[in-house]
Amino acid sequence: MGDTTDEVVEPFAWTDAKRYLWLLGLIPAMGLFLSMPFVAGFNALGWGPAATAAWFLLPVLVYVAIPLGDLAVGADGQNPPDEVMDRLEADPFYRWCTYLYIPFQYASLIAAAYLWSADDLSWLGYDGGLGIAASIGVAWTVAITGGIGINTAHELGHKIAGSEKWLSKVALATTGYGHFFIEHNRGHHARVATPEDPASSRFGESFWAFLPRSVFGSLKSAWHLESERLGRLGKSPWSLRNDNLNAWLMTVVLFGGLIAVFGWEIAPWLIVQAVFGFSLLEVVNYLEHYGLKRQKTSAGRYQRCRPEHSWNSDHLVTNIFLYHLQRHSDHHANPMRRYQVLRSFEQAPQLPSGYATMMVLAYVPPLWRKVMDKRVLAHYDGDITRANIQPSKREKVLARYGVDATTAGSTAVAEKVVVDTDIAADQTSPTGEYVCPNCGHHYTETAGEPREGFPPGTPWSAIPTTWRCSDCGVRDKVDFLPVK
């Protein structure tokens, strides 16, 4: 008999060149502490104005250094191959890069509360407490920390593990934006790039018009989504079962504790940093889907979100600081996928620079329109009627691009319709089990979905057609595939 030794299969030879660069993403969480040595040093030299300027180190990094880094380094260009996806996804190192952000984020806010309230900062070279300019610098710094913390929460909130969902709420507490946990996962991902989505900006809409629409629209949507879920359970939305209320309660406890320790004088600063922090999220929302629109299908719903429905940017430096958020098309196609395995699609519309640069342009509407409007038009091959247009400006926009809106009504042009190919032909499962084709979540009739208001034994036919997957929030009931 011959030898029958098992063949040793070596893992696919590929190395993530960015593996340890992801640790740089912790810099925004530590921005306040990075400023302190410069403040103390400049004060020791008697350079008071320089010491005050040092509190603005993190804003300079975000709005100046990172855009320049994107310009100098350029695009990333590296996608993980299929052979390493599972191994890379399972590597705990990447999870800890996000987990570690949160303790630094909280330490920064606590340190800021101390700095705002202290009347003896001699260890930093001050004769007394901070002045107003320095206090603003501290507030702006921790606002950026909290704003980027929302992106950390975004990464964690998409995961199935309950511990990561809980950490997502913790990260959102410093900016008081706990409802993002509900609205982003179950609202934005289902309605993205449609007129119904408050977080998808429209062609002709400035960031300053978008900001209140997104803030209040997202808040209203999050409340509606939880009220609907709790209604199926026969529960009132005014209870701690409501994930909006228990997330907001974390903010109340956090701010209340800080005020109890450091005094009421920090309350205005806590509000200022929270508002600026969630505004940082909203400017990112603004640039991610500007003017892009999913078309209606023959089944009367919107086509599935595809790479062409998100603006991508693969600039390396911003990618490192935002956990690949700029690879947004892959994120919307695979929302459960961890950041380290997101890939860049060539067919997705591309921003001319990284998010850090585009945020600055968004603050100045004429510059934004000059850079982006032509790109939206080119994306739709010159057919502006396919874009998501600001309703109040629709007639003017159509006229500007040579479309006569009156031929199809006073304010609209006939909507394009595409064939719906996503609905399963046969939705009957002999096993009573159905699977979400997006994230793999299973609905089993014997187990039901008690948290969603469907007790064990609820047949698939009794699930409302408006229900979406409880894990990814993306796929509708009609998209689920029967397990045979």
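**Entry 1**

I looked up E226 and found it buried at 0% relative accessibility, where buried stands for under 20% relative accessible area, exposed for over 50% and partly exposed for what lies in between, with a 1.4 Å probe and protein chains only. This is a predicted model, in which local features need pLDDT of at least 70 and side-chain atom pairs count only at pLDDT 80 or more, while totals for chains, interfaces and linings use all residues. Residues are numbered from 1 along each chain as its sequence is written, and side-chain values use heavy atoms, with hydrogens and water left out.

I then asked which side chains E226 meets in a salt bridge. One is that of R186, at 2.9 Å from N to O, and another is that of R229, at 2.8 Å from N to O; the term requires a side-chain nitrogen of Lys or Arg within 4 Å of a carboxyl oxygen of Asp or Glu. E226 belongs to helix α10 (residues 207–232) and R186 to helix α9 (residues 180–191), so their pair ties together parts that are 40 residues apart in sequence. Helices here are DSSP runs of H or I with at least four residues, strands are runs of E with at least two, and both are numbered from the N terminus. R229 and E226, by contrast, are three residues apart in helix α10 and thus separated by about one helical turn. R186 is buried at a relative accessible area of 18%, and R229 is buried as well, at 2%.

**Entry 2: other salt bridges**

I noted that side chains of opposite charge can pair when their charged atoms come close. A search of the whole structure gave me 19 salt bridges. One of them joins R19 to D91, with the closest N and O atoms 2.6 Å apart. This pair links distant parts of the chain, 72 residues apart: R19 sits in the segment before α1 (31–44), and D91 in the loop between α4 (85–90) and α5 (92–99). Are R19 and D91 buried or partly exposed? R19 is partly exposed at 22% relative accessible area, whereas D91 counts as buried at 19%.

**Entry 3: cysteines**

How many disulfides does a search of the whole structure find? I found zero, taking a disulfide as a pair of cysteine sulfur atoms within 2.5 Å. For C472, which is in no disulfide, the nearest cysteine sulfur is that of C469, 3.8 Å away. C472 is buried at 1% relative accessibility, and C97 is likewise buried, with a relative accessible area of 1%.

**Entry 4: packing of α6**

I followed helix α6 (residues 101–117) to helix α7 (residues 132–157), and the two pack at an angle of about 160° with their axes 10 Å apart. The axes are lines fitted to C-alpha atoms, for helices over the stretch in contact, and the angles run from 0 to 180 degrees between N-to-C directions. α6 and α7 are therefore roughly antiparallel to each other, on a scale where angles under 35 degrees count as roughly parallel, over 145 as roughly antiparallel, 65 to 115 as roughly perpendicular and the rest as oblique. With helix α8 (residues 162–172), the axis of α6 comes within 10 Å and crosses at roughly 25°, so α6 and α8 are roughly parallel.

**Entry 5: a sheet of three strands**

I traced an open sheet of three strands in the order β4-β3-β5, with antiparallel pairing; two strands pair if DSSP finds at least two bridges between them. β4 (442–444) and β5 (481–482) stand at the edges with a single partner strand each, so one side of each has no neighbour in the sheet. Strand β3 (residues 433–435) pairs with β5 over two bridges in the antiparallel sense, and the bridge partner of V435 in β5 is L481.

**Entry 6: positive phi**

Most residues other than glycine have a negative phi. I therefore looked up A193, whose phi is positive, near 60°, and which lies in the loop between α9 and α10, buried at 0% relative accessibility. D381 is not a glycine either and has a positive phi of about 55°; its place is the loop between α16 (365–379) and α17 (394–400), and at 70% relative accessibility D381 is exposed.
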